[in-house]
Amino acid sequence: MRIAFLMAPEGVEQVELTEPWKAVKDAGHTPRLVSTTAGRIQAFNHLDEADTFQVDQTVDEAAADQYEALLLPGGVANPDALRLDDDAVRLVKTFCETGKLVAAICHAPWTLIEADVVRGRTLTSWPSLETDLRNAGAHWVDEEVVVDEGTYTLVTSRKPGDLKVFNDAVVTQLSG
């Protein structure tokens, strides 16, 4: 399966990209880095610059039917930039509308809010998003991982400390 990892050109929390990427790859799937611009993205370790990663496809070239699932890593700046990009928001919305698996960690649900796909769904996130998610019609819970199976399956987690259970839940969902 091909899995789209969507992120902005900078601001992704590196471990929220690299750990799920490794888990997906180790499970036999093909992760692909999709971004709003071509070239390389700049990851961060909290506020410090970390590594850069090569973009495989730009969001304006990407389509949900090219992938089986979408993974949204967090970091504060990453989803904040994505929610301002119409093509990124449209891609996220299409993944959800077509019933594909969507996984988001930390601050990544901001992009889901912008795509208007959380109403009536139960999910978790970094605690500061609780009010934003409730205002968008979601039911927010403080748990390591939440799998909400509705019109599309949504896997969410709160923070880097939850990556083990998040990755396990994502791989389990991909296995069907």
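Q: Does Q57 count as buried or exposed?
A: This is a predicted model, in which local features need pLDDT of at least 70 and side-chain atom pairs pLDDT 80 or more, while totals for chains, interfaces and linings use all residues. Residues are numbered from 1 along each chain as its sequence is written, and side-chain values use heavy atoms, leaving out hydrogens and water. Buried means under 20% relative accessible area, exposed over 50%, and partly exposed in between (1.4 Å probe, protein chains only). Since its relative accessibility is 10%, Q57 counts as buried.

Q: Which side chain has a polar contact with that of Q57?
A: Q57 lies in strand 6, residues 57–58 (strands are DSSP runs of E, at least two residues, and helices runs of H or I, at least four, numbered from the N terminus). Among the residues Q57 touches are R32, A62 and Y67, leaving aside those up to four places away in sequence (contact means heavy atoms within 4.5 Å). A polar contact is a pair of N or O atoms within 3.5 Å; within protein, one must be able to donate a hydrogen and the other to accept it, and residues adjacent in sequence count only if both atoms are side-chain atoms. At 2.4 Å, the partner side chain is that of Y67.

Q: Which strands stand at the edges of the open sheet?
A: The sheet has 3 strands in the order 2-4-5, with mixed pairing (two strands pair if DSSP finds at least two bridges between them). Each edge strand has a single partner strand, so one side of it lacks a neighbour in the sheet; these are strand 2 (10–13) and strand 5 (48–54).
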